[in-house]
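Subject: Handover of the two-chain model

Hello,

I am passing this structure on to you. Please open it first, then read the notes below it.

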Amino acid sequence: MPPKNKVATKPKATESAPATITTTTTNPTTTTSTSQPASQPSEPTTVLERSQHRYEQTRPFEAARRQHGLSKLSKEDQKGWICDQLLHLTDRLPAASRSRLLGPKASKEIWWTINGTNSIVRGLKYKHKSEPHTTWGTDRDGHDVGSYSIERFDERTKKRIALTALQVSSRVFRENVEREKRGYVDARSGQEVIVTEREIDEEKVRRSKMAALKKELYGEITGKLASSVEWEDVVPIPHEEPEGALAAIAYPAEYAEAMSYLRAVMSKKEYSPRCLRLTEHIIAMNAAHYTVWLYRAANIFALGLSIPEEIEWLNEVALANLKNYQIWHHRHLLVEHYYPTIASDPTALAQFAKQERDFLIAILSEDTKNYHVWSYRSWLVGKLGMWEDEEELKSIETLIDEDVRNNSAWSHRFFLVFSNPKYATPGKGATERDEKVTQELVDREVKYAQEKTYLAPQNQSPWNYMRGVLVKGGQQLASVQGFVEEFVVKLGEGEEEEEVRSTHALDLLAEIYAEKGENEKADLCLRRLAEKWDRIRGGYWEWRRKCLTKSAKVVEEETEKVEAVAVA
Amino acid sequence: MVVRTKGARCRNRAIFIRKFPKQKGNMAASNPTSRPNLDAITDDDFEYVDEEFGSSYSPDQVQPQPEPMIPDLFKQPPLVKDDLITDTSRLQDQTVDHCLPFLAGEDGPLELNDYGLPRLNREKHVKFLKQSLGPLPGRFVAMDASRPWFLYWCLSGLTMMGENVSSYRESVIATARTMQNESGGFGGGHGQLSHLATTYSVILAIALVGGEDAYDVIDRKGMWKWLCTLKQPDGGFQVCMGGEEDIRGAYIAAVIITLLDLPLDLTPESPAYDGGRSNLLTGIAEYVRSCQTFEGGISSQPNNEAHGAYAFCALACLALLDNPRRVIPSYLDVPRLVSWLSYRQYAPEGGFSGRTNKLVDGCYSHWVGGCFPLLEACLGSSGSGSKEKNRTATGLAAAPETLYSREGLIRYILTCCQDQTKRGGLRDKPYKMSDAYHTNYVLSGLSSAQHQWDLDSDPLPLSEGETTPTMAALGADSIWNVFPYIDDNDQIYEDSDRVRPIHPAYAIPQKNVAGIKAYFQGRSGFA
Ligand SMILES: [Zn+2]
């Protein structure tokens, strides 16, 4: 072994021999065997290295063990390590209970052993290299602050102190602004607080300095509004929430700042281009923010901005946020506002309707059953009077052709056909007969539904549709009995014989039989549904059967009454 | 593979014997007061009886483990199926494929009972909800306008699982204060506009933690004035100033008005003000009626597609306005509605879907499942107070023991909706992430499947010349009794997996409804 006086030992060199670190001062007998702490590196260059270095300096035994393993340490160092561990394990205990735990003698020995090693008393908790982020955090460029040079880090610390100082002055200024507003009288001077022009100017300088510092320290985005000349006159209202608030969100700095400016401008009812930009900025971060959307609409109307332009912008946002519904209410408000300007111009109206439909087709191709899009669409048809627009019905047929099970499309069709104010009676319930609905219309729609039923008989959409049409038109369900029976073969004629191609047919058939007073047949349909074909609805079929006997009883009672009258 | 712990079959299984009679047919004859009421349901109402063989169980005597008792209905694709493939059928088939292994107990090494069901993993779900109460990481920023919902979902879910949430009182108070606006109502957070949805969730959260300090947070007068500004001439409510009008608004307004015992008069500032003829409740029922669709279900607004969430809003809203036995058939086509709701349940999945030809989703366990207690009450099947059995206001037959497959729903919930990883919580369907919303509504659905509700009051007679009830929020005081639902066949889940019952219309425990009502009923003015 080469002499190693005050010279950093390369780990490799010490690997074969026991590593010794026990120092000289406490035990003269070991003086000669002393070596330097095993892992002493060259001077630390980064912050992380420095903290590691400090750790190793205060926990030499542990550092050596980490590097060489316990068995490679000398006896003395092993003893030292054990003492170190014991002391650290118990260092949270009060001194008295610690000595009780270890016994006075052992305690003394431990102290004796480690006293001269610069260990334990200021021992630091180890932080692993692999988790520097939790230690130092990252800067705006995503760099680990731990990798900063010590110089750079100290520079950073100075800036943070400077920022804190500015923030304190700024808070004082804002407080004074508030006091001035409230006519607060200063107790010492006996005068009302007045914020001077000079103070305002100073605050402006302060703000830009703060913004620059924040930008440098925490990243560009944080300072975006605060550093912008455009927002200089606005005093943001920070998020107010008590300690321990529930479901509190750790807002990203950019969002928190934008929201604090939003609160400020909203409280002043400011409507301006910069407010509009602010809403866009927030919507990009959180599109589900109803307050921001309503405020955006208010800005557009107050500034008289172009509605078509806003709709164009909205299309992009809608495509990027398919599940969001605030977007659709915003669109609704825009159209409400825009409609009067084109209402008297049929060409403009038709042009606008077409534009809207084109967009709806595009967005529905992404998400064919989007509830909010369909809700908007039915509202739009009513608003723009698109009832007679053939394209509207055609585009619905296209969707049904693409997926005959798209129930949203079927629903829209029902609305389009049966809510047309040209013949629909206002105020009629959807499951009520409307006398104004023509036979021709009913036939057309029944035929359409039946054609689609053949494609997939177990698809409930056209069955519901057809039933709805018959009821609207005041037609007997029995008028489609022949069609329905096509899907049910040899009911009740034995397991082998019986065939049901659509449980919905069987359901409707039960209704048809009941309508004709053929209760036994109806009951058979319901029983077979409950027993075999649609067992999950056993409770429902049982109820339907009970309804049959009940209506039969009512019929019976009425017949009896009639007979009694006849006899009398 | 079915993995079961040793002795799962023969373990010392405790079964419940009812102390009160299980009468269906002649309930009118029994004295309702002799039966235990909601909050009296504790283990004392039952006797534990050990099954004979259980106590002498020893591993050597165990026979080869029998297959768990899972009906074929939940193990196979439906009998009737079309060949035509479209986007809808593709998604449906995929969902069935995803659910089947869970339904058969083959998705992992879970301890299953004799019926092939895992336990309700309370501990994990409780932990999940407590974590969802925050603090939440930055990616939750998209929920910034929905924070009050987290309060309701989490506290409600915890309450159903038997947790005492009164320890959250102070934090609910502190949080709610930052959300309340001087102009009345609660918004999603500091500086956000008041919204009916956020107000609903804050009020229910307050009711859940209870206590005068909490009730006192609510600015009742501001609330009343604000509600007046949202009331529309057609009877409905906008959800916020300048916001959309829909059936959620109608339901939530009915909840707020009845819980806080608000005056019904309209302020002259109200868009619906007509010199005093109309009040806050005028036209709500008509608005609800206008939302029923040709399919029989209910849509968010007139002329849209029928959707499960709005069916619950419609029925619960009506049930707060008047006795459900009278008001529901007066305004809705009940046979069509029952049909549509029944069709929401799918096999083999067992769960409910929200619309025709859409997929099952755990949250509809509440939105659709929660309709059945209200419907069964409307059909008068279970009301011990109803004078004539088998005769209902609708002229329809009384509902049978149960209108839907409770077994199917419970199977779907326990097998498919539980996140069994260490994350916990409940979810839409397998392979979806659990969240606070689904955790609460799946549990609400489980609760309604495990209980049976009796409406113990008859409608008050109409005054002369009236054909429909005068809206005076009479339904809000309906007396509801609740009992554990006990299947004629075996109960498929463990008794300890029964969660607490919640009021059929307010969706929080009756005790909490009574607490907040009692506090505000004392102050009909704005003293
Ligand atoms: Zn869901």
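The notes below go through the chains, then the interface, then single residues.

First, the ground rules. This is a predicted model, in which local features need pLDDT of at least 70, side-chain atom pairs count only at pLDDT 80 or more, and totals for chains, interfaces and linings use all residues. Residues are numbered from 1 along each chain as its sequence is written, chains are lettered from A and ligands numbered from 1 in the order in which they are written, and side-chain values use heavy atoms, with hydrogens and water left out.

**The two chains**

Chain A has 24 helices and two strands. Helices (H or I, at least four residues) and strands (E, at least two) are DSSP runs, numbered from the N terminus. Chain A holds 568 residues, and 46% of them are buried. Buried means under 20% relative accessible area, exposed means over 50%, and partly exposed lies in between (1.4 Å probe, protein chains only). The accessible surface of chain A is about 30000 Å², with 53% of it on carbon and sulfur atoms. Such areas come from the Shrake-Rupley method with a 1.4 Å probe; for residues, only the protein chains shown count as cover. Take the contacts in chain A between residues at least 6 apart in sequence: 63% join residues at least 24 apart. A contact means heavy atoms within 4.5 Å.

Chain B has 18 helices and four strands. It has 527 residues, of which 63% count as buried. Its accessible surface comes to about 19300 Å², and carbon and sulfur atoms make up 51% of that. Among contacts in chain B with a separation of 6 or more, 75% are between residues 24 or more positions apart.

**Where the chains meet**

How many residues of chain B are in contact with chain A? There are 89 of them, and they are in contact with 82 residues of chain A. The two chains bury about 6900 Å² between them, 56% of it on carbon and sulfur atoms. Buried area is the accessible area (1.4 Å probe) that two parts lose on being put together, summed over both. In chain B, H190(B), F294(B) and Y343(B) lose the most area to chain A. Together they give 13% of what that side buries.

Three salt bridges run between chain B and chain A. A salt bridge is a side-chain nitrogen of Lys or Arg within 4 Å of a carboxyl oxygen of Asp or Glu. E241(A) and R147(B) are joined by a salt bridge, N to O at 2.8 Å. On the side of chain B that touches chain A, the elements giving two or more residues are α2 (87-103), α4 (147-160), α5 (169-179) and α13 (334-342).

**Salt bridges across the structure**

The whole structure has 51 salt bridges over all chains. One of them joins D93(B) and K81(B), with the closest N and O atoms 3.6 Å apart. D93(B) lies in helix α2 and K81(B) in the loop between α1 (52-55) and α2, so the pair ties together parts twelve residues apart in sequence. D93(B) is partly exposed at 30%, and K81(B) is partly exposed at 46%.

D497(B) pairs with R119(B) at 3.1 Å. D497(B) sits in the loop between β4 (480-484) and α18 (510-521), and R119(B) in the loop between α2 and α3 (122-132), so this pair ties together parts 378 residues apart in sequence. D497(B) is buried at 2%, whereas R119(B) is partly exposed at 40%.

D495(B) and R498(B) also form a salt bridge, at 3.3 Å. Both residues are buried.

**One buried histidine**

H451(B) is in strand β3 (residues 451-455) of chain B. Is H451(B) buried or exposed? H451(B) is buried, with a relative accessible area of 3%. Its side chain reaches the backbone oxygen of S447(B) at 2.8 Å. Leaving out residues up to four places away in sequence, H451(B) touches several others, including R406(B), Y485(B) and R498(B).

Best wishes

Definitions and conventions. A polar contact is a pair of N or O atoms within 3.5 Å; within protein, one must be able to donate a hydrogen and the other to accept it, and residues adjacent in sequence count only if both atoms are side-chain atoms.
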